[in-house]
Amino acid sequence: MSIPFTIAIDGPAGAGKGTLARRLADHYRLNLLDTGLTYRAVAYALIQHALPLDNVSAAETAARQVDLAKLDRTVLSAHAVGEAASKVAVFPSVRRILVEKQRDFAKTPPGAVLDGRDIGTVVCPDADIKLYVTASAEVRARRRLAEIESIGGTANFAEILADIMRRDERDMGRADSPLKPAADAHLLDTSEMAIEAAFLAAMAIIDRAMAGRDQA
């Protein structure tokens, strides 16, 4: 494809959008960016330098220094980093810096799959395909608990559920770029759907769009 093909995937934490994004990027041989990692990278930098998470100037500096090619998922996936990331993500200036980086990534041939909270609404409003992947808070909490237990950890379901609901409220309630489906997004509710079913449903949507674009 001469013109980059962009797939935007939004949704709350634990709905399965990250797994779906990886599957789609691999299948269509597109670049992949978990935009949440860019905010986690900012938070991680503040934590590493023992800087307060409400230090906007320091967060802006960290955002400018984020290298999308060097995002370490293993380090950045820590729970504490995720909690911190949702706090620095409320700063409009930090979001503007990272959004520009994300948009540049999306423009790189042959195209990209980006997943996050505001891809279809803010980062790539002209994306070829927009998916909004969601699931009930209870289902997402059970998945998170199973994930923790699968690697030998222990956690409390009620605490995980409360944490997910707090994060949803923060993401959906922020003034700048709140989490919400784009008006033209395709909704995928994975509450009762396995990842394979979600992948096949997304493929059907994307294949139709690709066929239409090839004929245009």
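Start by selecting Lys17, which is found in helix H1; helices here (H or I, at least four residues) and strands (E, at least two) are DSSP runs, numbered from the N terminus. The model is a predicted one, in which local features need pLDDT of at least 70 and side-chain atom pairs count only at pLDDT 80 or more, while totals for chains, interfaces and linings use all residues. Residues are numbered from 1 along each chain as its sequence is written, and side-chain values use heavy atoms, with hydrogens and water left out.

**Stop 1: Lys17**

Lys17 has 7% relative accessibility and counts as buried. Buried means under 20% relative accessible area, exposed over 50%, and partly exposed in between (1.4 Å probe, protein chains only). Display the contacts of Lys17, leaving out residues up to four places away in sequence: Ile9, Asp10, Gly11, Pro12, Asp115, Gly116, Arg117 and Val133. Contact means heavy atoms within 4.5 Å. Then draw the distance from the side chain of Lys17 to the backbone oxygen of Pro12, which is 3.4 Å. A polar contact is a pair of N or O atoms within 3.5 Å; within protein, one must be able to donate a hydrogen and the other to accept it, and residues adjacent in sequence count only if both atoms are side-chain atoms.

**Stop 2: Gly11 and the annotated site**

Move to Gly11, in the loop between strand E1 (5-10) and helix H1 (17-28). Gly11 is buried, with a relative accessible area of 0%. Beyond four places in sequence, Gly11 touches Lys17, Gly116, Arg117, Tyr132, Val133 and Leu179.

Now select Gly11, Pro12, Ala13, Gly14, Ala15, Gly16, Lys17, Gly18 and Thr19 together; an unreviewed UniProt entry lists them under "binding site". Which of these residues does the lining of the largest pocket include? Pro12, Ala13, Gly14, Ala15, Gly16, Lys17, Gly18 and Thr19 are included. The search runs on a 1 Å grid over the protein atoms alone: a pocket is an open set of points with protein on both sides within 12 Å along at least five of seven lines, whereas a cavity is a set of points where a 1.4 Å probe fits but cannot get out; lining residues have an atom within 4 Å of a point. UniProt positions are given in the numbering used here, feature names are shortened, and annotations may be inferred rather than shown by experiment.

**Stop 3: the whole chain**

Zoom out and colour residues 7-197, where UniProt (unreviewed entry) places the feature "domain: Cytidylate kinase". The end C-alpha atoms of this span lie 18 Å apart, and the span is 54% helix and 13% strand. Across the protein there are 10 helices and five strands.

The C-alpha atoms fill a box of roughly 55 × 40 × 30 Å along the principal axes. The protein has a radius of gyration of 17 Å, which agrees with the value near 17 Å for a compact globule with 216 residues; the radius is taken over C-alpha atoms, and the globule rule is 2.2 Å times the number of residues to the power 0.38. Buried residues make up 46% of the 216 residues. Of the contacts between residues at least 6 apart in sequence, 81% join residues at least 24 apart. The protein exposes about 10,800 Å², with carbon and sulfur atoms supplying 55% of it; accessible areas come from the Shrake-Rupley method with a 1.4 Å probe, and for residues only the protein chains shown count as cover.

**Stop 4: helix H6**

Select Ser93 in helix H6 (residues 92-106). At 16% relative accessibility, Ser93 counts as buried. The side chains of Ser93 and Glu60 are joined by a polar contact of 2.6 Å. Outside four places in sequence, Ser93 touches Val56 and Glu60.

Next, select Leu98, also in helix H6. Is Leu98 buried or exposed? Leu98 is buried, with a relative accessible area of 0%. Not counting residues up to four places away in sequence, Leu98 touches Thr38, Tyr39, Val42, Ala63 and Val66. For scale, select Ile206 as well: Leu98 and Ile206 are 108 residues apart in sequence and 26 Å apart in space, C-alpha to C-alpha.

**Stop 5: backbone details**

Go to Pro110, in the loop between H6 and strand E3 (111-116). The peptide bond joining Pro109 and Pro110 is cis, with omega about 5 degrees.

Two residues with positive phi end the tour. Arg29 lies in the loop between H1 and strand E2 (31-34). Although not a glycine, Arg29 has a positive phi of about 55 degrees, and Arg29 is exposed, with a relative accessible area of 72%. Ala50 is found in the loop between helix H2 (36-48) and helix H3 (56-65). Ala50 is not a glycine but has a positive phi of about 55 degrees, and Ala50 is exposed at a relative accessible area of 69%.
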